[in-house]
Amino acid sequence: ITQPLVLGIESSCDETGVGIVRGTELLTNTVSSSMDEHVRFGGVIPEIASRAHLEAFVPTLQAALDDAGVTLADLDAIAVTAGPGLSGALMVGVSAAKALAVATGTPLYAINHLVAHVGVGILGGTFPDGLPSNLGALLVSGGHTEILRVGDLAHDVELLGSTIDDAAGEAYDKTARILGLGYPGGPAIDRLARDGDPTAIRFPRGLSQPKYMGTAEAPGPHRYDWSFSGLKTAVARSVEQYETAGLELPVADIAASFQEAVVDIITSKAVLACREHGITNLLLGGGVAANRRLRELTAERCAAAGITLTVPAPALCTDNGAMVAALGAQIVMRGAQPSGIAFGTDPSLPV
Ligand code: KG4
Ligand code: ZN
């Protein structure tokens, strides 16, 4: 099939996403989020997310089919996120996908969520001539932070580095909570930082010491990895010091300095990994890709290193079903066998 009609289902975190593509053409990207229900807890509560997926799935599916003007009988394939993500949340999407596949006799494909963040690049004219070679992906969200080398989406994706503790978005959210900015805190810090001095406080850049970095010839144990938990602690300590001294908290300066530390270490390590692996095209994805300073510094450092940077539209960067459908379509176009219905979910599925 040259232009397969593929339905993609995403339920790994708080977004219930159903996307439909025809080959590289996006027909619908319908998303329902349970974020409002998690706000008062200051983080995504897995049990609440799972129940919300159950309630949202059928209406979201129906809305997607209506929006795309297709029926279940028209589909060539169904693709569903099997991991990584929240266990109970993944099970809702996978169970729904299996039920649809069995009822309609449609081939079903199990999809890796991280690879789908890259596969989305074929949609919306992002890469009009298909995914380029020498491709890398920098994925930065509330649930993950990774740098990937992408030889082929179906069988050659390599994890070069990742966070060893908090995801970058999680660090934003935790820091925002310390600063009393509400949840999710990424957008609030992004906004506030514009009025602050990013050099006011020098916050730590995790895993940047020589013992972790090593050299290009003899890489250390965490050359391309990140750690953000120490940064969050440093912000908390700084806030304490101002309070103990009875000084007014310079919230904008702290936000800007925190953001500079996160963005500096993310971009410097990502570009280093690209240079040392011959990556000349970088795709930036995940919810934190909306961050103004991250986009700015990534663009600046990529340009200096001769790397072409691509950032998909915001609705395709955050978790969604279209990315799952897009990767599914590419796998179908390569003639791969369907996954059957015996596969399970895997909360820590590797790439
Ligand atoms: O990809 P996403 O919608 O969901 C997952 O976590 O998978 O990402 C949400 C995360 C949250 O942690 C949120 O605080 C962060 O992305 N975020 C931002 C910005 N917009 C969203 N972080 C920094 N700056 C932003 N402008
Ligand atoms: Zn994601």
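Before I look at helix packing, a note on terms: axes are lines fitted to C-alpha atoms, for helices over the stretch in contact, and angles run from 0 to 180 degrees between N-to-C directions. Helices (H or I, at least four residues) and strands (E, at least two) are DSSP runs, numbered from the N terminus.

Housekeeping next. This is a predicted model, in which local features need pLDDT of at least 70 and side-chain atom pairs count only at pLDDT 80 or more, while totals for chains, interfaces and linings use all residues. Residues are numbered from 1 along each chain as its sequence is written, and chains are lettered from A and ligands numbered from 1 in the order in which they are written.

**Entry: helix pair.** I looked up α5 and α6 and found them packed at an angle of about 75°, with axes 8 Å apart. That makes the two helices roughly perpendicular to each other; the label covers 65 to 115 degrees, while under 35 counts as roughly parallel, over 145 as roughly antiparallel and the rest as oblique. From α5, Gly169, Tyr172, Asp173, Thr175 and Ala176 meet Gly186, Ala188 and Ile189 of α6. Contact here is C-beta atoms, placed from the backbone, within 7 Å. I get four nonpolar, three polar and one charged residue in this contact. For the classes, Ala, Val, Leu, Ile, Met, Phe, Trp, Tyr, Cys and Pro count as nonpolar, Asp, Glu, Lys and Arg as charged, and the others, Gly among them, as polar.

**Entry: domains.** The bounds come from an automatic or database domain assignment. I find the C-alpha centres of domain 1 and domain 2 to be 27 Å apart.

**Entry: sheets.** Strands pair if DSSP finds at least two bridges between them. One open sheet of five strands runs β3-β2-β1-β4-β5, with mixed pairing. β3 (25-33) and β5 (108-112) each have a single partner strand, so one side of each is left without a neighbour in the sheet. The twist averages 20° from one strand to the next. β2 (15-22) pairs with β3 in the antiparallel sense over eight bridges, and Thr16 stands opposite Ser32 in β3. I also see α12 lying across β1 (5-10), β2, β3, β4 (77-83) and β5, at about 135° to β1.

The other open sheet I checked has five strands in the order β8-β7-β6-β9-β10, again with mixed pairing. Its edge strands are β8 and β10 (308-310). β7 (145-152) and β8 (156-162) pair in the antiparallel sense over six bridges and form a hairpin with three residues between them. Ile147 has Gly161 in β8 as its bridge partner.

Key. Contact = placed C-beta atoms within 7 Å.
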